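Welcome! Let's take a friendly walk through a protein chain, one topic at a time.

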Amino acid sequence: MQTWGNRGTTIVSYAVTVTAVLAALNMLSGFMFTVSPIAEISNPRVLGWRVHPYLRADQVNITFDFHADMSSLFHWNTKYVYLYVTAEYSSLKWNHSVVLWDRILTKDNATVDLTLSPKYEFTDLTTSAMRGKTVELVPSWMAMPVCGLLRTQSGHGTSFVLRQ
């Protein structure tokens with residue numbers, strides 16, 4: 001005869017197993033959806049240069065037009081989407097990637113259509129490392145699921161040259 005402890009353990013084990021199986025099916029069902037998000041950056045403009053007063057490093061003030069429609073990423077397994085724009089350029093030794101702007105999107109506000117100035121400073125810690133370099137602005141996003149794998153994707157960026 002089983003005791004109440006044995007019966008309770010059996011019920012809890014069964015509930016945890018069913019929950020794990022349902023979570024795995026939830027994760028696998030996320031791959032069935034076809035997604036076609038749109039993220040476009042256009043018209044990048046350099047507004048000016050300055051030397052950061054404390055860091056003594058180059059800082060660029062830019063602006064660009066940004067359009068993104070992430071509504072196709074939202075289905076029943078998507079909690080939210082983290083959307084961000086990076087500026088990527090190369091120096092002699094390293095490849096640099098600087099996050100300029102980001103936003104967390106929900107199902108209610110899945111579209112962005114803005115002329116942006118960077119939310120974060122576009123600063124290089126070495127002097128004159130970005131002068132004359134080609135900078136590519138790249139939109140990227142991460143779809144945060146309720147259960148499953150975190151997927152990161154990037155869109156097509158636009159390039160421009162920083163003058164000397």
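## A pair of strands

Strands β1 (residues 38-51) and β2 (residues 58-69) run antiparallel and are joined by 11 bridges. Two strands count as paired if DSSP finds at least two bridges between them.

## How the model is read

This is a predicted model, where local features need pLDDT of at least 70, side-chain atom pairs count only at pLDDT 80 or more, and totals for chains, interfaces and linings use all residues. Residues are numbered from 1 along each chain as its sequence is written, and side-chain values use heavy atoms, leaving out hydrogens and water.

## The whole chain

The chain has 1 helix and 9 strands, in the order α-β-β-β-β-β-β-β-β-β from the N terminus. Helices (H or I, at least four residues) and strands (E, at least two) are DSSP runs, numbered from the N terminus.

How far does the C-alpha trace span along its principal axes? The answer is about 85 × 30 × 25 Å.

Of the 164 residues, 36% are buried, meaning under 20% relative accessible area (1.4 Å probe, protein chains only). Among contacts (heavy atoms within 4.5 Å) between residues at least 6 apart in sequence, 63% join residues at least 24 apart.

How values were computed:
Buried < 20%, exposed > 50% of the residue type's maximum accessible area, 1.4 Å probe, protein only.
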